[in-house]
Amino acid sequence: MIIQVTRSGGFAGLLDVFGPIETSRLDASVANELQTHLISCRFFHLPAQIEATDVGADYLHYEISVEDGPKHHTVSFQDDMSEKTRGLMELISRVEKLSA
């Protein structure tokens, strides 16, 4: 599985890319943790765009792309700190740490 995250926007107009992370190159426990995050947030069943519950020019925008064999899915959303994106933000935090 390959995971990549792009973060953009915010007050400073950031653009950061985390990954790509290839889970086959990670320790099995770390790869399983990422897989668990994806399953728990039902990543491959999410819409391509998650609508924000709040509107703001300074929010960060995220795009998560995951390729798992023949499956490929990308989800974009604004970090409005809502419950519906909490699981995705946890996944992003883990991917960001692995990219450091």
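Student: Which residues of helix 1 are buried?

Tutor: Buried means under 20% relative accessible area, exposed over 50% and partly exposed in between, with a 1.4 Å probe and protein chains only. Here, Val30, Ala31, Leu34, His37 and Leu38 are the buried residues of helix 1. Seen down the helix axis, they fall within an arc of 120 degrees, so they line one face; the arc is that of the directions from the axis to the C-beta atoms.

This is a predicted model, where local features need pLDDT of at least 70 and side-chain atom pairs count only at pLDDT 80 or more, while totals for chains, interfaces and linings use all residues. Residues are numbered from 1 along each chain as its sequence is written, and side-chain values use heavy atoms, leaving out hydrogens and water.

Student: What covers the buried residues of helix 1?

Tutor: Helices (H or I, at least four residues) and strands (E, at least two) are DSSP runs, numbered from the N terminus. The cover includes strand 1, strand 2, strand 4 and helix 2. On the face turned away from the buried side sit the exposed residues Ala28, Asn32, Thr36, Ile39 and Ser40.

Student: Which residues touch the most other members of the largest nonpolar core?

Tutor: A nonpolar core is a set of buried Ala, Val, Leu, Ile, Met, Phe, Trp, Tyr and Cys residues joined through side-chain atoms within 4.5 Å. Of 20 residues in the largest one, they are Ile3, Phe43, Ile64, Phe77, Leu88 and Val95.

Student: And what is Leu88 in contact with, beyond neighbours within four places in sequence?

Tutor: Contact means heavy atoms within 4.5 Å. Leu88 meets that with Cys41, Phe43, Leu46, Ile50, Ile64, Val75 and Phe77.
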